[in-house]
Amino acid sequence: MKKRGFEIVSRYDKQQIQLPQRQTQFAAGYDLQAAEDFLVPSIWRSGALPTPAALKPVLVPTGIKVFLPSDEVLLLVSRSSGPLKRGLVIPNSVGVIDADYYNNPNNEGEIFVQMLNFFSQDYWIHKGERICQGIFTKYLITTDDVQNTIKRNGGFGSSGK
Ligand SMILES: O=c1ccn([C@H]2C[C@H](O)[C@@H](COP(=O)(O)OP(=O)(O)OP(=O)(O)O)O2)c(=O)[nH]1
Ligand SMILES: [Mg+2]
């Protein structure tokens with residue numbers, strides 16, 4: 001049985017979604033692609049100072065989900081060229097993709113990438129463009145960790161404030 005890997009979520013079935021890949025021999029990150037053309041508006045779009053609305057991140061769909069052992073996590077981190085060449089930053093700094101997010105009843109575990117565009121021009125991400133990289137790693141728990149049995153039923157605040 002496969003231990004860890006990526007799959008396409010059903011809403012993007014047969015839509016030529018590419019599974020993340022490492023680009024070079026010893027690359028640590030699996031580059032995730034945008035599942036569709038997607039606009040990331042400039043934070044400066046409404047004037048001299050960004051408004052609160054302009055500072056709300058967009059969620060770029062990837063069309064993929066990840067399965068992994070329960071003691072591992074996939075970390076979504078920026079590509080170094082994201083801010084430098086496209087003005088795109090990941091405002092949550094590092095996206096944490098938990099093992100129990102896979103196939104959750106709310107969105108099947110589809111991975112989304114939060115983004116803001118710090119450049120002055122709006123930016124259209126094209127379908128298939130590599131928007132961040134995912135790094136697999138193990139996580140540790142405390143000695144007196146209380147094993148939680150609550151099931152995840154979504155993401156982005158699904159466990160409450
Ligand atoms: O950039 C991200 C970050 C998270 N997630 C998904 C996977 C993750 O397992 C879930 C919850 O993320 P996290 O625990 O970081 O956010 P939260 O605000 O604590 O949400 P929740 O209450 O659902 O745990 O949302 C993404 O798709 N992209
Ligand atoms: Mg959480």
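Reader: Hi! Which residue is the bridge partner of L88 in β9?
Author: Hello! L88 has N117 as its bridge partner in β9. Keep in mind that this is a predicted model, where local features need pLDDT of at least 70, side-chain atom pairs count only at pLDDT 80 or more, and totals for chains, interfaces and linings use all residues. Residues are numbered from 1 along each chain as its sequence is written, while chains are lettered from A and ligands numbered from 1 in the order in which they are written.

Reader: Thanks! How many bridges join β7 to β9?
Author: Two, and these strands run antiparallel, with β9 covering residues 112–117. Strands here are DSSP runs (E, at least two residues), as helices are (H or I, at least four), numbered from the N terminus. Two strands pair if DSSP finds at least two bridges between them.

Reader: And what is the order of the strands in that open sheet?
Author: The order is β4-β9-β7, three strands with antiparallel pairing. β4 (58–61) and β7 (88–89) each have a single partner strand, so one side of each is left without a neighbour in the sheet.

Reader: Switching to ligand 1: which residues are closest?
Author: G95, Y101, G155, S158 and S159, out of 17 that surround ligand 1. A residue counts as near if its C-beta atom, placed from the backbone, lies within 6 Å of the molecule or strand.

Reader: Which elements give two or more residues to that shell?
Author: Those are β8 (95–98) and β9. β8 supplies the largest share, four residues.
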